[in-house]
Structures are given as C-alpha cells and as structure tokens.
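Visitor: I would like to learn how to read sheets and helix packing in a model. Could you walk me through it?

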Amino acid sequence: MINIITNRDLEVKSEAKGSERPDGRAYNELRPLKIEAGVLERADGSAYLEFGDNKVLAAVYGPREFHIRRFLKPNMAVLRCRYNMAPFSVEDRKRPGPDRRSLEISKLTSEALSPAVFLEKFPRSSIDVFIEVLQAEGGTRCAGITAASVALADAGIPMRDMVVACAAGKANGQIVMDLSEWEDKEGEADVPVAIMPRTGEITLLQMDGQLTKDEFEQALDLAKEGCMKISVEQKKAIKNRYGGD
Amino acid sequence: MKAKSGDFVLPGDALGVTEEFLPSEWTYEEEGKIRSLVAGTVSIDQKNKKISIIPKTKSPAILSRGVVILGQIKDVRGQRAMVEIEGIKDTNRSLPISCVGGIHISQAQKGYVDKLTDDFRIGDIVEAKVTKVLGIDNADLTTADDELGVLKAMCTKCRYFMNKIGKNQVKCPNCGNKETRKLSSKYEG
C-alpha cells in the first residue's frame, strides 16, 4: 500500500504535541469565519461562507410555484433543501449525486430552517434552498445551515430569526467547540446543534458517538455558545450587504 | 430596544410594543412585541401610530393593489376578459402561485366599450394594474390608462403578431387582417 503524506497530515502531527487540539485552537475557539451575502446574481437570495477550510455556497429561490401536487400544502409553503457536495470537495473524489448522507442532511437542513420562516405567508408555494459544498473540512452541515439562513434573509423571505448552527464534541478526551475534520473522524463524539439565537430554541440536535450525560450537557452549552458567536457574523454579513451602519 | 425611524433592523428584531404602535408592513406581533420580518429600515407613522419596515433586500413578488402586472389573455367573455398573470412588472421574482385576473368591460378603457372583443383577444399580451386582490390567486385588473393595455396582439386568423396602424388599430403583416384593440402606449408591434 502506498501512503501519500499531504501537508495536512504533517501539520496535524507536528502541532498535536504543542497544543491540546490538533490545529492549536483553545477548547472554545471557532475556526476563522467569513460570510458574504448576495453573491449570486440570478438567485433570489444567496450567501457564501468560509469556515476554516469549509467553503459553502447557498442559494435560495422562491417563494415560487410548486408543481409536485402530492407534496403541496394548501395552507403553507414547503421549504425544500438540497445539500450537495462537489466531487472535488473532499480529499478522495466523492461520487457525484445524492447519496444516503446528503439526503439526510438535506432533510434535516429543511427541518432546521422551517421553524424560523413564515411559511404560512405563502400557501401552495415552495421555497427552494440549494447548498453546495465546494470544500469540506468537518462541520459542513452546520456551515450549510448557517449559510442558508443568510441566503434566506438575503432573499427577503419573512423570518422570525436567522437560524445558526455550530457543532461541539469530544476529541482527545476533551469537550471542544467546532470540531475540525480530524477531530470529527478521530474524536469520540460529535454534537451538531442549530438554534434560533434570539429565543435559544433548538431546531437541530444530533449526536454521533458516545458521551456521558454531563459531557453531553457541556457539549450542548459549548455548541450554543459557538452559535451565538457565529450569529454575530451572520448579522454582520447582511448589514454589510445592505448598508446598515 | 425601541427602534427609531431609519434604523437598520434584521429579521426578528424588536421594534416596539403593541400598546404603542400598530404592526404594519413587514412586521409581526409576538407576545406583545412588534418585530421585523425582514432586513430593512424602520419607518414610523406617528400620525396613524403605525410601524413598518422598508425592506432593503429584494422582496418576494406579492400581488397587491396598485401593482402593474404582465399577463396573457386566456378568455374573453361578455363582461370580462380573463388574464393569466405571468409576473409583476420590474421584478424578476416569479409569483408564489399561478394567479388569474379579470378585466371588467367597464375597466378596459376610459370611454364606452360596446364589445369586449374589440379590446382584447385570446393570446394578447397585456399590461394591467391591480385594483383589487380577491383571495390569494385572483385579482381585478384595469387597463384604463395610456400606458396600460395590449403590448402585443395576435391576429385571430393566422396568429401572427400584428403591427400598430393607428389609435387602437392593428394590422396583420401576414394576411392583412385589420382588428381593434385597447393598445398600450408602449405597444411593440
């Protein structure tokens, strides 16, 4: 078997000695974050997000006419999501097209965003959200939800709040905020959380791995803290685009 | 917490309390508080005690009184011409659901109209103004204005697009058939 050593592998090994986390972050430190709203000309609303090495593009179309009669709701709009990873987004080429994982993430993204949107204002229509992961480095579902809610706000769709998502988990025996890809794969547990920051209501909560009750609560609090930090950036993105001070 | 006129707010931001103002456009009420629905600037109407948001983002296309729509004539009956509303003028956002509108014979043009078929024919592309919204997918329309009316007319005999030859007069370039329409001043033959 041939072992290909990339720069990333070297980085992880060398820095793991000095710091408790492989990339040298504190336990409650986020990766560098950048959000930009209104990047796509032809979408009704869009956002681009860079979160560490994650690069995510979100586009929103609608509310528009819904043609699938059996999914149509007579009293409200349907929020549809499509989460897609580009074949070049991961180290080994990803087979393009929807798979089990991206189908699940599409469903849960739609469920995470729906409570914040006034769907009842647009009966019999659909709001379509497209999330394209251009580069992945752990926590893409959270990055996708965060970008999608900025895109929804950019589309001028009535909302109660801007949903924001962040993960926490356990790696190297320590509860940490915002897991990187390495921590996600090698770590003990991963807890992605999406909240509506104004009320603190949880719209997404998953857990992969094993945590004790105390550890779980610690992780949940840490994830919420991360959400609040990301929420500030989300708001800044909309303000930057639409000229609020 | 209290918002001033001209403040930039985001979805969910508190604007005031319900004792103080009436929630108006792009706002909603929740547990006694008025909040913003979209990103935009606050506008307070002190006289009528209304608080509303002027959206800074693009807004979804919503059928409302006074907006100008583009559509196609689907049917011309004795008293009413039915229009399939294709979209709202000056936006590229599509309507959330397919809507139909009706132009009553009294609303077709300023003067007296003997037969509605002198003003519209099936297939014509028209520009009209909404006078009343009925339900969520129906509206009353008017074309009684110079800029409103038929933008493109089709020959009833051969379906060619017709050329304007005079006020409310069109001629088919293919078969020479002359017809009448309520033409818009922006008619594109």
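**Reading a sheet and a helix pair**

Guide: Happy to, and please keep in mind that this is a predicted model. In chain B, an open sheet is built from 3 strands in the order E14-E15-E16, with antiparallel pairing. Strands E14 (163–166) and E16 (178–180) of chain B are at the edges with a single partner strand each, so one side of each has no neighbour in the sheet. On average, neighbouring strands of this sheet are turned by 40° against each other, ignoring direction.

Visitor: How many bridges join strand E15 of chain B to E16(B)?

Guide: The general idea comes first: strands of a sheet pair through backbone hydrogen bonds, parallel or antiparallel. Here, 3 bridges link E15 (residues 169–171) of chain B to E16(B), and the two run antiparallel. Opposite B:Gln169 you will find B:Thr180 in E16(B).

Visitor: Now the helices. At what angle do the axes of H3 and H5 of chain A cross?

Guide: Two packed helices are described by the angle and the distance between their axes. For H3 (residues 140–154) and H5 (residues 213–242) of chain A, the axes come within 10 Å and cross at roughly 30°. Angles under 35 degrees count as roughly parallel, so H3(A) is roughly parallel to H5(A). The crossing of H3(A) past H5(A) is right-handed.

Visitor: Which residues make the contact?

Guide: H3(A) contributes A:Thr146, A:Ser149, A:Val150, A:Ala153 and A:Asp154. From H5(A) come A:Ile230, A:Gln234, A:Ala237, A:Ile238, A:Arg241 and A:Tyr242. By type, the residues of this contact of H3(A) with H5(A) are 6 nonpolar, 3 polar and 2 charged.

Notes: Residues numbered from 1 in each chain as written. Chains lettered and ligands numbered in written order. Predicted model: local features only at pLDDT ≥ 70, side-chain atom pairs only at ≥ 80, totals over all residues. Heavy atoms only, no water. Pairing = 2+ DSSP bridges. Helix = DSSP H or I, 4+ residues; strand = E, 2+ residues; numbered from the N terminus. Axes fitted to C-alpha atoms, helices over the stretch in contact; angles between N-to-C directions. Parallel < 35°, antiparallel > 145°, perpendicular 65-115°, else oblique. Left-handed = near helix turned anticlockwise from the far one by under 90°. Contact = heavy atoms within 4.5 Å. Nonpolar A, V, L, I, M, F, W, Y, C, P; charged D, E, K, R; others polar.
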